[in-house]
Amino acid sequence: MLAALYPCFRISGIRLRALYALFMSVVLWWLAGAVAMLFAVCILLWELLNRFTRFRYFIFPLISVTLLAAGSIYCSVAGDYRFLLLPDGYFDARLQPGIILYLSWVCLPALLLLAFALRKTGNVRKGWKPAVVLCQIGLIAAITGYGTKACFRPKAEFFKELSYYMRTEQWDRIIERCDGSLSNYLYKCCLNIALAEKNELAGRMFAFDQRGEKGLCLPWSRTVHVSALLSDLYFSMGHIAQSQRMAFEVNVCAQSAGNPWMVRRMVQTNLIYGAYSVAEKYISLLEQTRYYRKWAQEQRRFLWNDEAVAADPVLGLKRKCLPQTDFLAGMSSLDLELKQIAEQNPAHRVTMQYVGALYLLAKDMERFKTFIDTYGGTDLLPELPASYQEAVIILSEQNPAYLETWPVTESTLRRYRQFRQAVLAGRNRPARLPALLKPEFGDTYWYYFMFRETE
């Protein structure tokens, strides 16, 4: 809008300037919506101040924008004039904007009035010019500082960064950025998905800041961000039904035309299910976008082509996760559904890692023991990862003979003896014990089991 406004101050011919203003008011309306009204108001104000006898030519941009708004109301583009003529159009329609939203729209006409007043001061204006420039710079700095402090949310920015790495499958970057203390379950969930995709969830998850099951599988909050993350999580698990459901929920909650990343997920899940007509509908939507068009066009080769889907390393592997027996997803516990998926497709090893992680993070040793006894040594769990071996040692505390049934490495046993000795040595100082043990044993399940809260 500012770029369109500047030439109006440079065009000398009154009629040419008026035609330009009328043309640009329509163009701005088409490109950017309500800001065309601010453009028309500023042009009219400037002409009133400088050429009062000819300002009538510049009423037409204002009339044209008003007529366009009336036509938009008639065509149900919006339900209220404030979304078409005021900055409310750039705010969430379900919320009431604060006064700060109108600040820039009020400031621009006020600055035009100030510029006119300074122009009329003649020689005084020349002496004031350096001071005015310095005042402008100071004002910009002050507003920028205040705006950054008021509007910048570091936690939200960090989650956006992790989400970007998720979508670009930069798993190592997520693991690197999540090293250290994590204050949010959203971050933990992103971390655990990255570990799972690297096939390292069962082996390395307790080397990071874990705090119970919520860090692995968030409770559904019916919000866009959580639903999208859960869709990514379930897709990683091989739980295609729940992944599709969460993607659909995101598109229900999302503003405007939906969430293109989740429309992409709807393409994937429907291709996996063989619902090619539905997949084609979503592909057609993405082909209308700028950044997803190429990807969408590439997906057309899978339509009505089961062989191509089966040969794809992602779609083919996920299709094998579909249970042959129908059941209502979400009606039973997640671990039971994941076991059914893993039994259907043993090649999708990460599913069983999620099951074991759910039990260990919840410190549910009874269910973990049943899990190990059932699947240990089978194709689903041919060997025990490090955290599983550490959990087996905890189970053997009450039953030493149980340790002999599983191949726990000598290095793990030696480290446990060191951990146990350190606990006994520090038992007279229980308050300091977690801090004393963390540097050497903070990456073990024993440390998590003894000292970490699960909520």
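How many helices and strands does the secondary structure of the chain come to? In this predicted model, the count is 25 helices and zero strands. The chain is also more spread out than a compact globule, because its radius of gyration is 31 Å, well over the 23 Å that the globule rule gives for 455 residues. Along the principal axes, the C-alpha trace spans about 100 × 60 × 30 Å.

Burial and contacts were computed over the whole chain. Of the 455 residues, 42% are buried. Among contacts with a separation of 6 or more, 56% join residues 24 or more positions apart. The accessible surface comes to about 25,300 Å². Carbon and sulfur atoms account for 58% of that surface.

Helix α10 was examined in detail. It covers residues 185–197, 13 residues in total. From first C-alpha to last it reaches 18 Å, close to the 18 Å expected at 1.5 Å a residue. At the start of α10, a side-chain oxygen of Asn184 comes to within 2.7 Å of the backbone nitrogen of Leu186. Just after the helix, Asn199 takes a positive phi of about 60°.

Helix α10 is mostly covered, with 11 of its 13 residues buried. The buried set runs from Leu186 through Tyr187, Lys188, Cys189, Cys190, Leu191, Asn192, Ile193, Ala194 and Leu195 to Ala196. An α-helix has 3.6 residues a turn, so residues three or four places apart point the same way. The cover over the buried residues of α10 includes α8 (154–167) and α9 (171–177). It also includes α11 (201–204), α12 (224–237) and α20 (350–361).

Gln268 counts as buried because its relative accessible area is 10%, under the 20% cut-off. Beyond its neighbours within four places in sequence, Gln268 is in contact with Phe235, Trp295 and Leu315.

A search of the whole structure finds zero disulfides. Cys8 is accordingly in no disulfide, and the nearest cysteine sulfur, that of Cys42, is 10 Å away. A disulfide requires sulfur atoms within 2.5 Å. Cys8 is buried, with a relative accessible area of 3%. Cys75, in contrast, counts as exposed because its relative accessibility is 57%, over the 50% cut-off.

Methods. Residues numbered from 1 in each chain as written. Predicted model: local features only at pLDDT ≥ 70, side-chain atom pairs only at ≥ 80, totals over all residues. Heavy atoms only, no water. Buried < 20%, exposed > 50% of the residue type's maximum accessible area, 1.4 Å probe, protein only. Contact = heavy atoms within 4.5 Å. Helix = DSSP H or I, 4+ residues; strand = E, 2+ residues; numbered from the N terminus. Expected span 1.5 Å × (residues − 1). Polar contact = N/O pair within 3.5 Å; in protein donor to acceptor, adjacent residues only side chain to side chain. Rg over C-alpha atoms; globule rule 2.2 N^0.38 Å. Areas by Shrake-Rupley, 256 points an atom, 1.4 Å probe, with all protein chains shown as cover.
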